[in-house]
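The structure is shown first, followed by the findings.

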Amino acid sequence: MIERTAHYIGGQWQPSIGTETIPVVNASTEQIMGSIPAGNAEDADIAVRAARAAFESWSTTSPAQRAGYLKLAAEQLQLRQSEIASLVSQEVGMPFAYSNVVQVGLPVQSLVSIADLALSFQFEKKVYNSLVVREPVGVVVAITPWNYPLHQIVAKVAPALAAGCTIVLKPSEVAPLNAYILAEVFEAIGLPPGVFNLVTGTGTGVGETLVAHPEVDMVSLTGSTAAGRRIGAVAADTIKRVSLELGGKSPLLVLDDADITAAVSHGLSACYLNSGQTCIALTRMIVPRSKLAEVEAIAKVGADSLVVGDPFDPATVLGPLVSSTQRDRVVTYIEQAIADGARLVAGGPTPPEGLETGFFVRPTVFSDVTPDMAIVREEVFGPVLVIQPYDTEAEAITLANDSIFGLNAGVFSGDEQRAISVARRIRAGQVQINDGAFNIHAPFGGYRQSGNGREFGTWGLEEFLETKSLQLP
Ligand code: NAD
């Protein structure tokens, strides 16, 4: 049992003033594995004041000093690799090998790349008779989800620190234990008190208090579109800067000249990654009608052959979903899709055989869907793929863009230039061409209700900067 009772505020572990606790559940065993404090408004206020007090001094440090801290943090995080990866595999259910890569490898790379960026970034520029200076936005509240917890935390914390901001982090209450390790890392490297603060608790509790706090200058959320809508509304009262990385219902557009086997197997991986609990999951496979039967057959064999099970078994491709709430939500979507008339090609609402304990869901594929069905329109956040046929390329692009979201997309084609020209017509923040990989130096974020703002690279750093013009005589 990992029982955390304190928040990390002003460089100290301060016992929570809120007396309630939130249990943390192991996704595979359904056993309680730890607990965290449910911070209250007073905890939030103390944390914000600590961040405010630290801002004046931290904001005047040099980019090189800040980069130095980020590199030290990267080294310390790396030293705790197995501990972090194991923790996240228990909290989230993510396969252990993958946890190592995305929960430790990726955060370490992000810290180092943002440190390098801070060293080369042009914080000042002469424009005619003005000196334009980029300054830290101030006290930042970072609110993060459970699906790639440490990766999403570092995607905010690293650029905010590099910019010279101070931070209050409120991680997801569903997978919060890894965030405590990051706080320990900052403590171990001697980051000045109050520069990074951690408070835990629910979104509607401590989260909203932080968002509404008048001493907070900016809120950066990664989470659901519903939370983004609410946070945007609460933050509007104090005209805070709000950056939102939200949900998606992303299409994979398979063009008629694509290698169908390669496209469908790539599509299954891109949909089922982290058991489908991935904001950029490609959950709508849009395929030429003439190839529909072939696509269904390949998808069925592929989905049925994926090993679902214990995240610590090296053979496992899909672990459990994060929680009973998430499992129930996904199963309800599958049942609703069947009731709406969608045809089940693979998987279904019942758990995989022998996996009744743990929040497991079978990799599921639907065909014969219509554009108005919830399974086509809404983010399921589980291992569920829908296949949609098209007759012309124009129709395929219309289908791809027929969504309130615009986070990610994929285009598969035998002709890279053709894929790029189709990608230009898709309204999304990123488009993967064939098996083009995720890149931490490129901007990441959504169009439409997938949010606003960008993370990673220069764009991610600029999110945390204000712009001032000094008009020179
Ligand atoms: P969630 O919206 O339920 O919670 C995210 C965070 O927001 C949590 O820390 C939660 O406590 C907090 N929160 C919720 N309501 C709040 C409120 N009213 N005020 C302040 N804080 C509040 O999302 P989740 O279930 O943790 O994560 C899954 C969602 O995140 C999915 O929709 C997914 O698409 C999205 N996501 C987006 C990205 C991206 O980069 N675009 C990445 C990962 C996940």
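**Elements and domains around the ligand**

At least two residues of the shell around the ligand come from each of α7 (203-212), β11 (218-222) and α8 (225-236); helices (H or I, at least four residues) and strands (E, at least two) are DSSP runs, numbered from the N terminus. Domain 1 (2-246 + 449-471) and domain 2 (250-439) each contribute at least three residues to this shell, with bounds taken from an automatic or database domain assignment.

This is a predicted model, in which local features need pLDDT of at least 70, side-chain atom pairs count only at pLDDT 80 or more, and totals for chains, interfaces and linings use all residues. Residues are numbered from 1 along each chain as its sequence is written, and side-chain values use heavy atoms, without hydrogens and water.

**Polar contacts**

Polar contacts here are pairs of N or O atoms within 3.5 Å. Ser-224 places a polar side-chain atom 2.5 Å from an oxygen atom of the ligand, and Trp-146 places one 2.8 Å from a ligand oxygen atom. From Gly-223, a polar backbone atom lies 3.2 Å from an oxygen atom of the ligand.

Terms used. Polar contact = N/O pair within 3.5 Å; in protein donor to acceptor, adjacent residues only side chain to side chain.
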